[in-house]
Amino acid sequence: MKTLLIWFVLMNLDTGHSTETHDQVLSITSKTQEQVDVLKNISTQHETVLWQPDSPQYIREESHVHLFVPANSSKTVKDLLQKHSIAYVILLDNTKELIEMQTRNVSTDPRSSSSYYQRYHSLEEIYYWINWTAQNNPSTVKVILIGSSYEKRPLYALKLTLNNRPNKTALWIDCGIHAREWIAPAFCLWFVQHSLSFYGRNKDITNILDNMDVYVLPVMNPDGYKYTWTTDRMWRKNRSISKGSSCIGVDLNRNFDANWCTMGASHEPCSQIYCGAFPESEPESQAVADFLRSHKDSVQLYLTIHSYSQMLLFPYSCTLDEVENHQDLLEMAQEAAQNIKRHYGNNYKYGAGAKTIYLAPGGSDDWVYNLGIKYSFTFELQDRGEYGFLLPPSHISKACKEAVTAVKAIALKVIEKTQVPTRSLYTV
Ligand SMILES: [Zn+2]
């Protein structure tokens with residue numbers, strides 16, 4: 001028996017070595033409608049996770065589909081693709097390695113060091129960071145509890161008030177509405193640190209903070225974010241339980257009351273773009289909506305941070321109609337994209353959501369716009385699929401700098417259009 005076991009192990013070592021498969025991400029392109037249908041089936045019936053687009057319903061001929069394929073489904077999926085002559089390339093060959101890279105050394109840097117902001121942090125660490133930041137900046141940073149998640153985790157926003165003049169307007173930024181988009185919370189931390197460090201030193205950020213208070217919600221979906229650290233790195237939705245289904249989670253960015261659950265969202269709880277039982281059914285989206293409803297007179301600019309695909313989007317995503325100030329928003333997004341290109345060389349697409357990507361109803365940006373906050377943007381940060389959601393920590397810095405460039409361009413324009421700026425404290 002023992003001899004047999006050794007022989008079996010040796011055989012496996014011998015044959016297994018060269019054909020070892022990892023969890024991978026494939027980039028797949030269907031040329032015909034039949035291939036599109038096969039791919040839709042593969043992405044729903046096998047143990048895979050769609051990275052791009054958000055849901056199989058958006059798969060079209062010639063579109064590049066990014067599909068996460070765990071090692072144990074690899075052979076089945078590739079056999080099916082080959083059988084139907086569907087072209088694919090391996091985008092990422094070993095996602096486990098990249099995930100390890102993203103979670104390494106999570107709390108070794110002091111929170112005051114710049115290297116701290118070039119790493120991804122666990123939810124617990126982000127909660128510590130929120131308190132640490134407020135304690136170290138007692139006159140300028142306040143923590144506001146705006147609600148709690150489905151699993152009762154607190155939703156903390158930071159309020160930055162660098163200048164105490166009365167009747168200031170405000171900028172709102174939320175990050176991490178989708179759990180797996182880790183660069184988003186990393187950006188919120190980066191932005192707060194950048195604001196506190198460069199106020200009075202950098203002309204643009206000083207001008208912005210002299211004219212606007214800034215609310216920053218670093219993790220809008222804490223339950224989902226926690227789950228991506230502990231259990232499933234590919235998780236997108238929140239973690240709420242739906243009646244009558246074993247599938248978990250609502251897509252919070254389909255849960256707002258803007259053409260809620262029309263084309264581009266799903267009533268099916270197992271879908272990645274499940275809209276929930278009714279608009280604002282989820283405590284996370286309700287908390288943000290409540291806060292913005294009660295601050296709609298001061299908040300002039302709304303920004304929500306996502307990844308990946310490098311786009312600067314504005315309403316509408318829930319209809320192909322143009323908003324009344326379309327031209328304004330287009331010019332602001334264009335300037336932001338041009339600045340990024342000039343300083344960092346990267347291309348960002350820009351435009352109204354529905355026309356630039358596809359119809360996506362129930363999004364926070366559209367709802368905010370209809371509430372009366374006429375400057376509303378969704379940023380899709382780096383990259384364009386090279387690493388996707390698994391953007392290595394070494395890329396955080398550039399991704400955040402690009403996004404700061406865009407925030408500055410847009411916020412300065414909003415100030416210019418909505419108020420007479422006060423004299424900046426900044427002096428040359
Ligand atoms: Zn997203």
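## Overall build

Of the 428 residues in the protein chain, 49% count as buried, meaning that 20 or more other C-beta atoms, placed from the backbone, lie within 10 Å of the residue's own. This is a predicted model: local features need pLDDT of at least 70, side-chain atom pairs count only at pLDDT 80 or more, and totals for chains, interfaces and linings use all residues. Numbering starts from 1 along each chain as its sequence is written.

The radius of gyration (over C-alpha atoms) is 22 Å, which agrees with the value near 22 Å for a compact globule of 428 residues, by the rule of 2.2 Å times the number of residues to the power 0.38. The C-alpha trace spans about 80 × 50 × 45 Å along its principal axes.

## Helices, strands and contacts

The protein chain has 13 helices and 12 strands, taken as DSSP runs (H or I, at least four residues; E, at least two) numbered from the N terminus. Take contacts between residues at least 6 apart in sequence: 75% of them join residues at least 24 apart. Contact here means C-beta atoms, placed from the backbone, within 7 Å.

## Around Glu380

UniProt, in an unreviewed entry, puts the feature "active site" at Glu380; such annotations may be inferred rather than shown by experiment. Glu380 sits in strand E12 (residues 375–381).

Is Glu380 buried or exposed? It's buried, because 23 other C-beta atoms lie within 10 Å. Beyond its neighbours within four places in sequence, Glu380 is in contact with His306, Ser307, Tyr308, Ser309, Gln310, Met311 and Leu313.

Definitions and conventions: Buried ≥ 20, exposed ≤ 12 C-beta atoms within 10 Å, placed from the backbone. Contact = placed C-beta atoms within 7 Å.
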